[in-house]
Amino acid sequence: IQLEQADSPAAMRQLVQTFVISKRMAEQLCDLVIPNLQFESPADNKGVLIVGNYGTGKSHLLSLISGLAEHPGMVDVVKDQAVAKAATAISGKFKVVRLELPATKKSLRNMICGRLEDFLSAEGLLFTFPADDQVNSNKDDLSNMMAVFSEKYPDHGFLLVVDELLDYLRSR
């Protein structure tokens with residue numbers, strides 16, 4: 001599975017429908033992933049890093065999570081009822097950017113910032129990250145980007161899903 005296939009709603013529906021959720025995976029989704037993605041109840045939310053060997057379904061899992069976060073109707077096709085119920089906390093509440101990192105010498109910051117700028121532009125939002133040599137704080141730059149995003153989407157979160165990070169890091 002290529003993560004960026006999930007940008008198509010029809011392909012996303014198929015990916016969500018076909019994801020097999022084991023008992024352990026349901027626990028991880030309900031107790032760890034979804035609670036860290038929700039933003040309506042105050043919590044000490046953290047990012048989620050998914051690690052696994054080649055062919056273990058990481059991209060499919062990322063598609064499931066991002067699809068549930070982006071599309072409100074996707075909870076209806078989830079095979080596991082506990083996960084579907086838990087996913088209502090994030091269902092349709094995010095704008096999602098999916099990025100597959102190539103093995104390249106280009107900096108991680110430039111690839112991510114470029115993809116974020118492309119997304120914002122497609123949404124009719126103007127924002128440009130400063131050049132590397134002008135960066136004082138990536139956190140400040142991301143906060144400024146989110147302020148622009150929040151003006152248009154005050155009730156949505158922003159989810160960046162990055163796949164193939166390990167391949168990228170190996171190339172460095």
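Which residues in α5 meet which residues in α6?

What we have here is a predicted model, in which local features need pLDDT of at least 70 and side-chain atom pairs count only at pLDDT 80 or more, while totals for chains, interfaces and linings use all residues. Residues are numbered from 1 along each chain as its sequence is written, and side-chain values use heavy atoms, with hydrogens and water left out.

To the question, then: Arg109, Leu116, Phe119 and Leu120 in α5 meet Asn138, Asp141, Leu142, Met145 and Phe149 in α6, where contact means heavy atoms within 4.5 Å. By class, that contact has six nonpolar, one polar and two charged residues; here Ala, Val, Leu, Ile, Met, Phe, Trp, Tyr, Cys and Pro count as nonpolar, Asp, Glu, Lys and Arg as charged, and the others, Gly among them, as polar. Helix α5 spans residues 108-122 and helix α6 residues 138-152, and they pack at about 10° with their axes 12 Å apart. Helices (H or I, at least four residues) and strands (E, at least two) are DSSP runs numbered from the N terminus, and axes are lines fitted to C-alpha atoms, for helices over the stretch in contact, with angles from 0 to 180 degrees between N-to-C directions.

The second pair is α1 (residues 9-18) and α3 (residues 58-70), which pack at about 115° with their axes 9 Å apart. That makes α1 roughly perpendicular to α3, a description that covers angles of 65 to 115 degrees. In this contact, Met12, Leu15, Val16 and Thr18 of α1 meet His60, Ser63, Leu64, Ser66, Gly67 and Leu68 of α3, and the residues divide into five nonpolar, five polar and no charged.

Among these, Ser63 in helix α3 counts as buried at 0% relative accessibility, buried being under 20% relative accessible area, exposed over 50% and partly exposed in between, with a 1.4 Å probe and protein chains only. Leaving aside neighbours within four places in sequence, Ser63 is in contact with Ile1, Leu3, Ala6, Met12 and Leu15.

Turning to the strands, β1 (residues 94-100) runs parallel to β2 and is joined to it by seven bridges, and Phe94 has Gly157 as its bridge partner in β2. Five of the seven residues of β2 are buried, so β2 is largely enclosed by the rest of the structure.

Finally, Glu164 lies in the loop between β2 (157-163) and α7 (165-171), and Glu164 has a positive phi of about 65° although it is not a glycine. Glu164 is partly exposed, with a relative accessible area of 32%.

Key:
Parallel < 35°, antiparallel > 145°, perpendicular 65-115°, else oblique. Pairing = 2+ DSSP bridges.
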